[in-house]
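Here is a short report on one structure. Take a look at the model first.

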Amino acid sequence: MDRKNDFLKILKKNSELMFILDEVSVLNLPNYYLAAGSVFQTVWNYSDGNNLMTGIHDIDIVYFDKEISADSSAKNDKKLEKVLSEKFPYQFDIHNEAYMHLWHNGNKVPYKNTENAIERWIATVHAVGISGNSRNIEILLRTA
């Protein structure tokens, strides 16, 4: 069984998520992924025979950009969240992983890139992301 190919086939069946991925792909966010809930919930919904967007209320988007300041990044993230939430019936949570180590009093080692961030997420089920567009999806699955 090829886990990534099976995963990809299921994700491509979620046309609404693929449309969102296409919209995000044109934002030109560096090293971006749709991650966590919307991705793994699609697979669970498929396995349970549910509509593929059942239980998905928010879309997590992560990216990595050290070229802009933490303050500029946070302002841009909020602006993009608003634009996407007005376009789609979901809440969007967008975060630049280059500055996530500043959360919780800066007690974390900074991430090297978005992949490094996703691989270090505590909940393994959440440690999944897709990038690219609906025709060319890249999948990141945490393996351990």
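E86 and K82 sit four residues apart in helix 4, so about one helical turn separates them. Helices (H or I, at least four residues) and strands (E, at least two) are DSSP runs, numbered from the N terminus. The side chains of E86 and K82 meet in a salt bridge at 2.5 Å, N to O. A salt bridge here is a side-chain nitrogen of Lys or Arg within 4 Å of a carboxyl oxygen of Asp or Glu. E86 is exposed at 59% relative accessibility, and K82 is exposed at 52%. Buried means under 20% relative accessible area, exposed over 50%, partly exposed in between (1.4 Å probe, protein chains only).

This is a predicted model: local features need pLDDT of at least 70, side-chain atom pairs count only at pLDDT 80 or more, and totals for chains, interfaces and linings use all residues. Residues are numbered from 1 along each chain as its sequence is written, and side-chain values use heavy atoms, leaving out hydrogens and water.

E81 and K78 also meet in a salt bridge, at 3.2 Å, N to O. Both lie in helix 4, three residues apart. E81 is buried at 10% relative accessible area, whereas K78 is exposed at 53%.

The structure holds three salt bridges. One of them joins the side chains of E23 and K87 (2.9 Å, N to O). E23 is in helix 2 (residues 15–25) and K87 in helix 4, 64 residues apart. K87 is partly exposed, at 48% relative accessible area.
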